[in-house]
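Please read each point with the structure open beside it.

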Amino acid sequence: MNSKVIKRHSKVTIFMHWFNAFCWFFLLATGLGLIKNKDLQLLGGWWSNLMYSIFGSGETLLLVHEICGLTWLVVFIVYIIFGSRKYVIPFLKQVFTYSPATDLKWLIKKNIQMTLGNKWLKRLGFTADIPEQGFYNVGQKLFAVASILGGIVIAATGIIMFLSNILLQNTAIVQWAIVIHFVAVGVVTGGLLVHIYMAAISPDERPAFFSMFTGTVPEDYAEHHHKLWYDEIKSAERKAHSA
Amino acid sequence: MKKQLAMVIDSTSCIDCKGCMTACKVENKVPPGKWRNWIKEQDPDFENLSRSDNSESLHFQPGNCMHCDNPTCVQACPTSATYKNDKDGTIKVNKKLCIGCGSCIPACPYGARYRHPEEKVVDKCDFCERRRARGELPACVTTCPTKARTFGDLKDPNSEVARLLKSKKTVKVFNRQTDTQPNIYYMSMTAPLDWPLKAETPSAIQLWKAINPFVWGFVGLNVLGVLAMLGKQLLIKDESPEAEHKQREDVHE
């Protein structure tokens with residue numbers, strides 16, 4: 001064990017992460033509250049009633065949902081425009097790069113390991129080694145892709161609904177936008193639950209959770225969880241020293 | 001429901017003067033080409049007209065939003081911007097919560113709803129809420145020269161509408177496939193009866209209702225997955241991350 005740390009996240013990344021997280025919780029809570037139709041409330045009307053009592057009325061609830069959604073969108077557009085070369089494009093390259101054979105192996109083994117443990121991994125005939133991962137592991141990458149595509153769909157359908165009573169004439173588009181908005185949020189929320197467990201509850205990724213505040217991870221964590229990235233950093237360091 | 005505002009209409013006395021439509025249009029500033037109320041008409045069968053038979057004569061039937069007890073429009077609205085007001089039993093539209101998706105429009109068998117061309121939200125009869133707040137009757141009721149429309153609270157046994165319902169034979173006009181349980185009653189001789197349409201929920205909203213359990217099911221599966229991981233974390237103590245790391249270090253060496 002050594003106590004050296006490696007820089008993992010910039011201040012901008014950390015800000016965008018927590019800004020996004022805050023908006024997601026707020027929009028999810030208020031958005032679910034807006035679905036007041038009894039036939040669409042699978043878990044009963046209590047959540048809607050709670051949101052109505054917090055915000056006073058349905059129209060206020062709609063207004064804060066729209067304001068938060070638009071703020072989220074504007075901040076992300078600014079981030080994408082001004083951070084494209086430094087943050088956005090490198091991030092997209094990372095999360096859209098896959099090596100199917102080892103990725104599939106990782107997904108299967110990691111799922112068994114996380115839910116049943118190493119004993120079962122062996123009992124089911126797998127070896128205990130898990131394919132080495134880069135800056136992000138496959139699970140993180142898949143969740144990132146779901147969030148990006150989901151985010152685009154949610155933003156587009158949100159804009160359609162927002163513009164509906166300002167300038168749109170075609171109501172069929174608006175009706176479809178509501179449904180697609182809901183489904184996309186459902187898909188990303190599913191992944192979000194796993195993301196939150198991994199980061200905040202599972203002890204395995206605790207250093208990654210703290211890195212979302214400090215920006216750094218311990219070297220041994222990087223070596224064990226993101227070996228390929230760790231090796232890259234180390235070889236770059238070596239080159240820098242020898243130069 | 002403390003009250004149920006309703007109308008009893010004697011359509012035999014309607015002379016098709018369109019006074020109710022005009023008064024409504026002025027009172028509620030209904031935009032050009034749109035109407036909150038109407039007069040339906042039954043044409044006589046001229047081919048088989050006989051002098052003695054009066055039943056085949058021209059007949060006019062005034063109407064407006066029926067403020068139903070089984071409101072298909074409310075069932076189609078995702079946000080409940082359109083809802084049944086439990087104070088007076090009217091079907092209301094909260095225009096600030098309505099995003100103008102128009103799902104409720106085909107859901108009304110009577111065609112009582114339209115999307116306001118400027119406001120781009122749904123508009124319909126509200127039994128003249130502003131006039132009622134001043135203690136007046138709805139504009140269509142006040143203006144009718146033959147007093148075809150009677151307005152009042154069904155739940156109040158002393159009201160004119162309750163008295164009429166008790167003493168006269170009345171009918172409701174509805175589509176057999178979707179009985180919305182309307183709160184406008186007609187004296188039994190009324191015609192036409194076959195005009196309300198089947199309530200239609202837009203396909204997007206229908207699909208939403210159908211896939212809703214699957215979306216929640218997907219989220220639920222993820223909850224189960226997380227619970228499985230949490231269970232493993234709490235129950236299988238011998239595999240702490242440190243032990244795992246050591247194990248992997250052994251593999252590396």
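1. Read along the sequence, chain A follows the pattern β-α-α-α-α-α-α-α-α-α-β-α-α, which amounts to 11 helices and two strands. Helices here are DSSP runs of H or I with at least four residues, strands are runs of E with at least two, and both are numbered from the N terminus.

2. This is a predicted model, in which local features need pLDDT of at least 70 and side-chain atom pairs count only at pLDDT 80 or more, while totals for chains, interfaces and linings use all residues. Residues are numbered from 1 along each chain as its sequence is written, and chains are lettered from A and ligands numbered from 1 in the order in which they are written.

3. On confidence, the model scores ipTM 0.87 and pTM 0.89. For chain B the mean pLDDT (the predictor's confidence in each residue, from 0 to 100) is 90, and 89% of the residues of chain B reach 70 or more.

4. The C-alpha atoms of chain A fill a box of roughly 65 × 50 × 30 Å along the principal axes. Of its 243 residues, 27% count as buried, a term that requires 20 or more other C-beta atoms within 10 Å of the residue's own, with C-beta atoms placed from the backbone. Among contacts in chain A between residues at least 6 apart in sequence, 63% join residues at least 24 apart, where a contact means that the C-beta atoms, placed from the backbone, lie within 7 Å.

5. Chain A is divided into domain 1 (8-95) and domain 2 (132-237), with bounds that come from an automatic or database domain assignment. The centres of these two domains of chain A, taken over C-alpha atoms, are separated by 13 Å, and 13 residues of domain 1 are in contact with 16 residues of domain 2. On the domain 1 side, α1 (11-34), α3 and α4 (84-95) of chain A each supply at least two residues, and α1(A) gives the most, with five residues.

6. How many residues does each chain give to the contact between chain A and chain B? Chain A contributes 41 residues and chain B contributes 46 residues. On the side of chain A, the elements that give two or more residues are α3 (58-82), α5 (100-115), α7 (138-164) and α8 (171-201), and α8(A) gives the most, with 16 residues. By class, this side of chain A has 22 nonpolar, 14 polar and five charged residues, where Ala, Val, Leu, Ile, Met, Phe, Trp, Tyr, Cys and Pro count as nonpolar, Asp, Glu, Lys and Arg as charged, and the others, Gly among them, as polar.

7. In chain B, four strands form an open sheet of mixed pairing in the order β8-β1-β10-β9, where two strands pair if DSSP finds at least two bridges between them. The edge strands of this sheet, each pairing on one side only, are β8 (149-153) and β9 (170-171) of chain B. Strand β1 (residues 5-9) of chain B runs parallel to β10 (residues 184-187) of chain B and is joined to it by three bridges, with B:Met7 standing opposite B:Ile184. By contrast, β9(B) and β10(B) pair in the antiparallel sense over two bridges, and there B:Val171 stands opposite B:Tyr186.

Conventions: Contact = placed C-beta atoms within 7 Å. Buried ≥ 20, exposed ≤ 12 C-beta atoms within 10 Å, placed from the backbone.
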